[in-house]
Amino acid sequence: MSKTVAGLLYSESHEWVSVDGNIATVGITDFAQHALGNLSYVDMPETDDEVTKGEEFGAVESVKAASDLYSPVSGKVVETNSELEDAPERLNVDPYANWIIRVEMSDPSELDDLMDEAAYISFCEKE
Amino acid sequence: MKYYDKLIFELSCEGRCGYTLPDADWAQTSDSIPDGLKRSAAPGLPQVSEPEVVRHYTNLSDMNFGVDTGFYPLGSCTMKYNPKINEEIAGMPGFKGIHPLQPRSTVRGVMKLYGDLSSALCAITGMAGFTLNPFAGAHGELTGLMIMRRYHICRGDMKRTRVIVPDSAHGTNPASAAVCGLDVVQVNSLPDGTIDVDHLKTLLDDTVAGIMMTNPNTLGLFETRIEEIADLVHGCGGLLYYDGANMNPLLGVVRPGDMGFDIMHLNLHKTFSTPHGGGGPGAGPVGVAEHLLPYLPLPRIDGEKPDECAGRVSGFMGNFGVLMKAYAYILMLGRQNIRMAGPLATLNANYIKESLKDCYRLPIDKVCKHEFVFDGLADKSTGVTTLDVAKRLLDYGFHAPTVYFPLLFHQSIMIEPTETESRETLDAFIEVMRKIAEEAAADPDMVRSAPHNTSVRRPDETAAARHPVLKYRDLA
């Protein structure tokens with residue numbers, strides 16, 4: 001059973017979002033890291049890049065597969081987690097403590113389309 | 001299998017050699033070579049005796065596993081037996097000794113072979129013409145997409161830049177489209193594993209260059225709505241590309257041209273028995289329908305250079321040795337017998353599937369074609385993964401199936417036995433697969449630490465990916 005965290009929002013492509021004012025912090029879920037297996041590389045955007053809800057903003061590679069990351073919100077990247085460049089395995093160890101990007105949201109109402117913890121748990125059961 | 005991991009350079013001993021040539025009685029000079037091009041140090045070739053060289057390469061070859069060694073059910077790769085007569089014919093001096101820069105008038109036999117092979121492939125696929133140039137399946141895909149793109153550009157239809165690819169597709173399909181400068185759009189699969197035609201309809205508009213499909217798809221399932229899909233895609237002005245990776249079950253039975261495909265490639269190194277694995281050599285000829293013949297790339301069998309042609313995709317006309325082996329295979333089987341390959345490959349795949357579906361999870365339970373996909377062990381409580389099952393198979397002397405592809409399931413095991421295996425071989429494989437399922441329940445740790453009998457145990461793939469050692473000198 002994959003771990004989830006209360007208070008986070010979740011996308012169908014298995015990203016999580018934590019909201020602080022107008023800033024959305026984005027990572028991948030425990031379900032995602034488990035499905036991918038041991039990660040070997042995280043491809044992240046640059047600071048100031050624009051991201052669009054539902055479109056790819058980067059990719060994660062494991063020994064099993066490479067998988068695109070899809071942004072759960074639109075806006076401007078204000079920070080990327082540079083620690084992941086040399087230590088992608090952090091996402092395997094604790095995917096919720098290790099975020100990937102922080103986005104200044106252009107339309108916070110997009111958050112309404114995401115799932116809460118309970119909805120995400122039942123979504124994962126069907127995956 | 002005994003372990004041998006030496007490099008030829010490690011055997012080198014100063015001053016040792018295989019032959020000492022007699023003094024030629026003339027002086028060697030490098031005066032005519034400009035100073036800047038001369039080597040400043042000796043080339044550092046290994047210095048070894050003849051028996052050392054022979055033993056070195058014989059020992060290395062002993063470490064290999066191939067179709068000539070044992071069963072090789074690598075899904076999507078069609079690892080069928082390569083009849084040795086293919087090698088005999090490809091090795092005939094009249095063919096082996098030619099040079100690609102020879103004038104065409106001096107290689108009439110070779111040109112006839114190109115023509116005859118193209119005609120045979122047209123008859124098998126329902127296409128109107130072929131280029132035999134591409135060196136591999138992915139090269140064929142790129143060539144086919146260049147033809148597709150050129151077709152739209154020549155018609156002045158510049159905004160067709162999107163290529164639709166199913167979510168079950170081979171990874172090369174979206175990769176080839178991206179390399180060709182086209183945008184990839186994914187069409188979803190239905191729970192039964194076939195293309196979601198309703199979803200496809202929502203993707204079709206005047207920006208669609210075409211769709212890339214494999215039929216049967218990577219789950220080994222025939223896309224039964226292919227004619228409807230062809231009508232839809234043609235209706236919006238797009239073209240249909242057929243990825244020939246899964247052509248084996250259709251050989252001589254169903255033709256992509258009749259299904260409505262406009263462009264396709266064949267993997268001669270799968271479907272037509274020429275051996276592959278280990279990266280080649282391959283051959284990925286591309287066939288087109290009548291209306292696309294002018295777009296075939298250079299160099300062309302007909303020697304022409306039409307304005308519409310998709311450009312040059314290779315220096316010369318393909319991997320000739322592979323083309324010869326495919327031609328020999330087609331002629332040896334003939335029109336009647338080539339029709340047996342598909343049904344026998346299909347029978348073999350279904351035989352394994354039905355014999356194992358009680359101990360491995362079969363996500364889509366219907367008749368498959370040449371291959372099928374299990375989603376790991378049926379009993380998920382053991383913690384034994386698909387990777388562990390694949391590693392344990394090595395202990396029993398079988399090559400592992402394709403694993404973790406397609407991505408539709410988390411524990412995919414993709415099994416393709418091909419038509420060239422006997423009932424006894426299939427039964428032996430089934431017995432071992434059942435035994436591994438029993439072992440997974442009784443002693444999961446033993447399966448998780450497999451393989452135990454191979455010369456190389458389980459490499460640390462994660463460490464290799466995260467911290468690759470790329471130079472021999474950097475080895476600890």
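**Entry 1. Helix H12 of chain B**

I began at the end of H12(B), where B:Gly397 follows the helix with a positive phi, near 85°. Helices here are DSSP runs of H or I with at least four residues, strands are runs of E with at least two, and both are numbered from the N terminus. The model is predicted, so I noted its limits: local features need pLDDT of at least 70, side-chain atom pairs count only at pLDDT 80 or more, and totals for chains, interfaces and linings use all residues. Residues are numbered from 1 along each chain as its sequence is written, while chains are lettered from A and ligands numbered from 1 in the order in which they are written.

I then looked up burial along H12(B), residues 386-395: 9 of the 10 residues are buried, so the helix is largely enclosed by the rest of the structure. A residue is buried if 20 or more other C-beta atoms lie within 10 Å of its own, exposed if 12 or fewer, and partly exposed in between, with C-beta atoms placed from the backbone. Among the buried residues of H12(B) I found the charged-type names B:Asp388, B:Lys391 and B:Arg392, listed with B:Leu387 and B:Val389. The buried residues pack against strand S9 (402-403), strand S10 (412-415), helix H13 (423-442) and helix H14 (444-448) of chain B. Contact is taken as C-beta atoms, placed from the backbone, within 7 Å.

**Entry 2. Helix H8 of chain B**

Just after H8(B), I noted B:Gly237 with a positive phi of about 90°.

**Entry 3. Strand S2 of chain B**

I turned to S2(B), residues 162-166, where 5 of the 5 residues are buried, so the strand is largely enclosed by the rest of the structure. B:Arg162, B:Ile164 and B:Pro166 point one way, and B:Val163 and B:Val165 the other way. In a regular strand the side chains alternate between the two faces of the sheet. S2(B) pairs with strand S3 (residues 183-187) of chain B in the parallel sense over 5 bridges, and B:Val163 stands opposite B:Val184. Pairing requires that DSSP finds at least two bridges between the strands.

**Entry 4. Domains and cores**

Chain B is divided into domain 1 (85-337) and domain 2 (341-463), with bounds from an automatic or database domain assignment. The domain centres, taken over C-alpha atoms, are 30 Å apart. Their contact takes 18 residues from domain 1 and 14 residues from domain 2.

Which residues have the most contacts inside the largest nonpolar core? I recorded B:Ile147, B:Tyr241, B:Ile263, B:Leu323 and B:Ala326, in a core of 101 residues. Such a core is a set of buried Ala, Val, Leu, Ile, Met, Phe, Trp, Tyr and Cys residues joined through C-beta atoms within 7 Å. Helix H11 (residues 320-356) of chain B gives the most to this core, with 14 residues. Apart from it lies another core, of 29 residues, among them A:Trp16, A:Ala24, A:Leu84 and A:Val103.

**Entry 5. The sheet of chain A**

In chain A I found an open sheet of 6 strands in the order S1-S2-S3-S9-S8-S5, with antiparallel pairing. Strand S1 (9-10) and strand S5 (50-51) stand at the edges, each with a single partner strand, so one side of each is left without a neighbour in the sheet. S3(A), residues 23-28, and S9(A), residues 101-105, pair over 4 bridges, with A:Ile23 opposite A:Glu104.

**Entry 6. A loop residue and the chain contact**

B:Ile364 lies in the loop between H11 and strand S8 (372-375) of chain B. With 18 C-beta neighbours inside 10 Å, B:Ile364 counts as partly exposed. Not counting residues up to four places away in sequence, B:Ile364 touches B:Asp192, B:Gly193, B:Leu219 and B:Leu221.

Lastly, I looked up the contact between chains: 6 residues of chain A are in contact with 7 residues of chain B.

Key. Two residues are in contact if their C-beta atoms, placed from the backbone, lie within 7 Å.
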